[in-house]
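Dear colleague,

I am passing on the structure below for your own work. My notes on what was found in it follow after the structure itself.

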Amino acid sequence: MSDYPAMQARFVADIGAAADLDALEALRVAALGKAGSVSALLKTLGGMSPEERQVQGPQIHALREAVTTAIADRKAALEGAALEARLAGERLDMTLPADAAPRGSVHPVSQVMDELAEIFADMGFAVATGPEIEDDWHNFTALNIPETHPARAMHDTFYFPTQMNDAAGRAMLLRTHTSPVQIRTMMSDEPPIRIIAPGRVYRSDSDATHTPMFHQVEGLVIDRGIHMGHLKWTLETFLKAYFERDDIVLRLRPSYFPFTEPSAEVDVGYRQEKGRRIVGGSGDDEGHAWMELLGSGMVNRRVIANCGLDPDEWQGFAFGVGVDRLAMLKYGMDDLRAFFDGDLRWLSHYGFGALSVPTLSGGISA
Ligand code: PHE
């Protein structure tokens with residue numbers, strides 16, 4: 001008869017000292033595997049007399065129990081230690097100061113959008129957003145552009161296949177302008193409303209000044225007694241703050257958009273200097289010219305009614321402007337396509353520091 005307590009003590013000591021999971025597995029096979037020593041003891045039970053088995057059986061089973069438990073305990077301890085070690089290795093001190101020479105930069109489009117948000121926040125405008133994948137009701141119909149309207153063809157729209165129409169049977173598309181955010185805001189918010197909506201828009205168009213994806217910022221004001229004077233003041237105040245000069249002169253030219261009535265295209269005076277357009281002065285001044293900058297107008301009564309508001313009570317104005325265009329004018333890039341090439345040299349030349357946040361008090365261009 002073997003000395004089971006001594007065997008158990010030896011096994012438990014070896015298991016407790018196993019340095020890793022491989023060593024532990026080797027000990028398990030040596031004890032409990034097919035040819036293991038504990039398994040061999042279990043097999044001897046069959047050849048014993050009933051009396052002998054009654055004595056030895058419980059002891060051998062107890063030995064197997066003890067070894068099994070010791071292995072499970074050691075396994076849990078080793079796995080826990082491995083996890084601790086991994087966590088310690090991956091530790092990141094979030095309180096350390098930022099890298100003194102950070103890599104990467106803020107894209108001019110992001111920078112200009114931040115500048116616009118800051119300028120308009122000062123005038124009481126909130127920032128609104130809408131989906132880039134729109135339905136044709138929000139992008140066109142609600143904006144007074146019905147199915148058969150020629151303005152739909154003007155927009156070179158990217159449509160999704162008809163199988164992807166939404167539950168209401170509306171065709172899905174990539175929004176062609178930020179104007180659908182006007183609709184979404186008028187339907188979800190109570191007037192008075194003052195928002196800007198910056199974001200990506202898409203048109204099937206591509207050359208030096210057009211990319212299939214570009215950026216707009218929409219402006220919308222809905223309140224009582226709003227008129228075109230409010231529109232002109234708002235645009236003038238915005239452009240003076242954006243270009244950081246007081247001599248910005250605007251010219252409102254009659255135009256047509258289905259969603260505004262009356263509509264005006266807004267031109268700014270500029271002059272050419274060293275191959276660059278410098279905004280400022282009247283376009284009629286010596287050496288100056290006019291450049292079209294944005295579309296605007298009084299929100300069409302029908303659009304206000306489409307959003308469930310009473311156009312006799314609520315009026316407003318809206319405008320839309322190309323963000324990329326604004327960036328090019330202020331920061332002097334001449335090819336729009338370079339904006340979206342992801343060329344690191346371009347980004348390090350035209351990009352902005354991650355920590356130079358635009359503020360009205362600190363200088364809007366950071
Ligand atoms: N959505 C128009 C465009 O993309 C711009 C615009 C917006 C015009 C708001 C008037 C009012 O061309």
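Into which domains is the chain divided? The chain is divided into domain 1, covering residues 4–89, and domain 2, covering 108–349, with bounds that come from an automatic or database domain assignment. The C-alpha centres of domain 1 and domain 2 lie 75 Å apart.

Please keep in mind that this is a predicted model, in which local features need pLDDT of at least 70 and side-chain atom pairs count only at pLDDT 80 or more, while totals for chains, interfaces and linings use all residues. Residues are numbered from 1 along each chain as its sequence is written, and side-chain values use heavy atoms, with hydrogens and water left out.

The ligand comes next. It is surrounded by 14 residues, the closest being His177, Ser179, Arg203, Gln216 and Glu218, where a residue is near a molecule if one of its heavy atoms lies within 4 Å of it. By class, this shell has four nonpolar, eight polar and two charged residues; Ala, Val, Leu, Ile, Met, Phe, Trp, Tyr, Cys and Pro count as nonpolar, Asp, Glu, Lys and Arg as charged, and the others, Gly among them, as polar.

A nitrogen atom of the ligand is 3.0 Å from an N or O atom in the side chain of His177, while an oxygen atom of the ligand is 2.9 Å from an N or O atom in the side chain of Arg203, and an oxygen atom of the ligand is 3.0 Å from an N or O atom in the side chain of Gln216. Taken alone the ligand exposes 330 Å², of which the protein buries 90%; accessible areas come from the Shrake-Rupley method with a 1.4 Å probe.

The elements that give two or more residues to the shell around the ligand are β5 (213–223), β9 (288–299) and β10 (315–322), and the largest share, three residues, comes from β10. Helices (H or I, at least four residues) and strands (E, at least two) are DSSP runs, numbered from the N terminus.

Most residues other than glycine have a negative phi, and most peptide bonds are trans. The peptide bond from Pro191 to Pro192 is, however, cis, with omega near 5°, and Pro192 lies in the loop between α8 (180–188) and β4 (193–202). A cis bond also runs from Glu261 to Pro262, with omega near 0°, and Pro262 belongs to strand β7 (residues 260–273). Glu244, although not a glycine, has a positive phi of about 55°.

With best regards

Definitions and conventions: A polar contact is a pair of N or O atoms within 3.5 Å; within protein, one must be able to donate a hydrogen and the other to accept it, and residues adjacent in sequence count only if both atoms are side-chain atoms.
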